[in-house]
Amino acid sequence: MYNEWSLNSLYLGMDDPNLQRDLSRLEEVIAAYKQAVASLSKEKAAEGLRSVMELAEEMQVLSKRMGTFCFLRKSTNSSDSEASAMLMKVQGMTASATKETVAFQKFAGTLENLEEVLESDELLRQYKFYFSEVKNSVSHKMGDEAEAVFARMNLSGGKSWEDLMTHLTSTVEVEYKDGVTTQAGIRGFADSSDAEERKSAFLAELASYKKIKDPLAFALNSIKAQVNLEAELRGYSDALELTLVQSRMSRETLDALWQAVREALPKFRAYLKHKAKLLGHENGMPWFDVLAPMGKADGISYTPEEAHKYLVERFTAFAPDLGAMMDRAFKEEWIDFYSRPGKRGGAFCNNLPYIGESRVMTNYSGSFGSVVTLAHELGHAYHGQQIQNHRPLNTSYTMPVAETASTFNELVITNDAIRNAEGEAKVALVESQLHNWTQIIVDIYSRFLFEDEVFRRRKNEFLFSEDLEDIMLRAQKEAYGDGLDPEWLHPYMWACKGHYYRPYLSYYNFPYAFGGLFAAGLYAQYLEEGEAFLPKYRDILKATTVDTVENVAKLAGIDLTKPDFWRTSLAMVTAQIDLFIEETSK
């Protein structure tokens with residue numbers, strides 16, 4: 001129960017007859033879907049749209065069920081050739097219907113009486129926001145044939161480059177202390193209590209990138225070139241505009257966010273310099289000590305069983321339904337805990353709304369930070385619980401709001417721990433929270449600067465590893481300023497973050513800053529309103545799949561397009577910086 005996740009709710013294995021049955025059914029549904037699209041007529045628009053949407057729903061559930069099963073297997077075993085082959089097959093089948101999907105959306109998006117048609121049918125009424133996005137996207141569609149070709153070529157283009165990155169980073173051997181480990185394993189030493197271990201692990205990590213940096217550079221260049229081409233063909237000014245549309249977010253909101261972040265950077269730099277001096281560094285913080293623990297933690301190492309009890313108790317006190325979901329996640333084996341060869345690094349949560357569950361992958365170490373990571377990922381699972389009763393095509397939330405529930409969970413558990421701590425243990429917890437904030441504010445800003453420059457320069461040139469290293473170093477210097485020791489930066493941060501290698505999801509950086517600060521603002525409301533806030537919170541999470549981020553925020557009376565909200569959220573963080581400096585200056 002406390003080791004590997006169970007995927008039996010999806011399929012019992014690659015040889016499960018239900019998998020083959022669903023594969024055959026998907027083929028039938030795709031054929032029927034193509035026929036239904038071909039039969040669309042303005043005279044029977046409501047009947048035709050309903051027929052297509054019902055088939056699209058079934059196609060979504062079947063392809064997601066099979067595709068997610070294969071993806072989850074690959075995530076813990078990158079050499080799973082059976083899962084890779086099946087995933088490619090499912091993706092190829094769904095991509096074959098791209099031409100029809102474009103034709104369907106073009107038909108619906110150009111219907112003069114679309115609103116009237118949607119109001120005439122209960123199922124279609126539930127898809128009003130979906131069709132509003134379809135209508136807005138019509139002008140950005142390529143031709144039917146071009147859309148089909150682009151979708152199918154992506155499988156051997158951008159998607160394959162992404163798979164290469166995952167394979168390389170999960171299988172590269174890292175030489176360390178007369179042995180070998182994985183990248184996930186070596187990066188796990190970043191928050192070690194042993195200063196020499198942090199530094200030696202960092203040097204070993206940097207050395208490992210030299211083995212794979214060139215193929216990773218080719219992968220990154222190819223993916224960014226593909227996205228640039230897609231943005232151009234769809235009539236967007238650049239990849240950022242394409243991403244913002246996909247995010248259901250305005251440029252005004254992003255600009256307001258970054259304005260407030262830039263104003264707060266001096267406070268983060270003061271925190272880093274103060275922490276660096278406490279660690280014996282005089283020229284700012286060297287990268288290998290950014291995550292160094294401070295204070296004196298209680299020394300508790302949490303077994304998965306203890307993490308289970310701890311999280312359920314803490315979150316049941318906050319929201320009983322959240323605590324119950326967490327209990328279920330542990331008992332029903334939704335979680336894959338430990339690092340092992342072939343397993344990807346980091347952590348993620350994959351929502352499975354069609355079966356009312358989620359799956360969480362971590363590389364669990366037993367530290368309090370690992371428990372916080374579990375709380376974070378189970379926040380995603382709670383988000384999934386709020387949207388699972390939507391229609392199947394209404395269950396996708398966008399990048400900015402994706403980190404809201406997860407970061408909210410982090411605030412609940414960490415602030416609870418701080419309130420119950422004293423002395424050095426309290427300092428340790430406050431600093432742990434601060435270095436997390438530094439990651440999702442300052443480091444994320446550096447990642448945004450890096451990716452933005454890569455996209456712009458990739459239009460006209462190929463960026464070799466040395467170019468990417470230079471861009472990354474300059475981005476880190478601009479974001480961190482004198483908070484970091486310029487002699488000890490991380491030139492390969494582009495080589496270890498899978499977010500850069502998603503051809504279908506660019507700029508997966510600002511959503512972390514957005515989610516963190518949006519969650520901070522919501523948490524402030526919770527502190528004021530108590531239990532009365534919870535129904536509003538659930539409504540906000542539920543609305544994330546069927547509205548813009550700006551409209552979702554309005555449910556809490558928040559205007560995201562102005563810096564004031566972001567400044568208020570950042571003030572909560574900078575107050576913690578003042579507390580840390582005060583407590584450690586005595």
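Which residue stands opposite Glu357 in S5?

Reply: Happy to take you there, with the reminder that this is a predicted model. The residue opposite Glu357 in S5 is Leu352. Leu352 belongs to strand S4, residues 348–352, which runs antiparallel to S5 and is joined to S5 by five bridges. The two strands form a hairpin with four residues between them, and there Gly356 adopts a positive phi near 70°.

Now for S5 itself. The strand spans residues 357–361 and is mostly covered, with five of its five residues buried. In a regular strand, side chains alternate between the two faces of the sheet. Here, Glu357, Arg359 and Met361 point one way, while Ser358 and Val360 point the other way.

Strand S3, residues 335–336, pairs with S5 in the parallel sense over two bridges.

Put together, the strands make an open sheet of three with the order S3-S5-S4 and mixed pairing. S3 and S4 each have a single partner strand and stand at the edges, so one side of each lacks a neighbour in the sheet.

Finally, look at what lies over the sheet. Helix H2, residues 45–76, lies across S3, S4 and S5, and runs at about 160° to S4.

Methods: Residues numbered from 1 in each chain as written. Predicted model: local features only at pLDDT ≥ 70, side-chain atom pairs only at ≥ 80, totals over all residues. Heavy atoms only, no water. Buried < 20%, exposed > 50% of the residue type's maximum accessible area, 1.4 Å probe, protein only. Pairing = 2+ DSSP bridges. Contact = heavy atoms within 4.5 Å. Axes fitted to C-alpha atoms, helices over the stretch in contact; angles between N-to-C directions.
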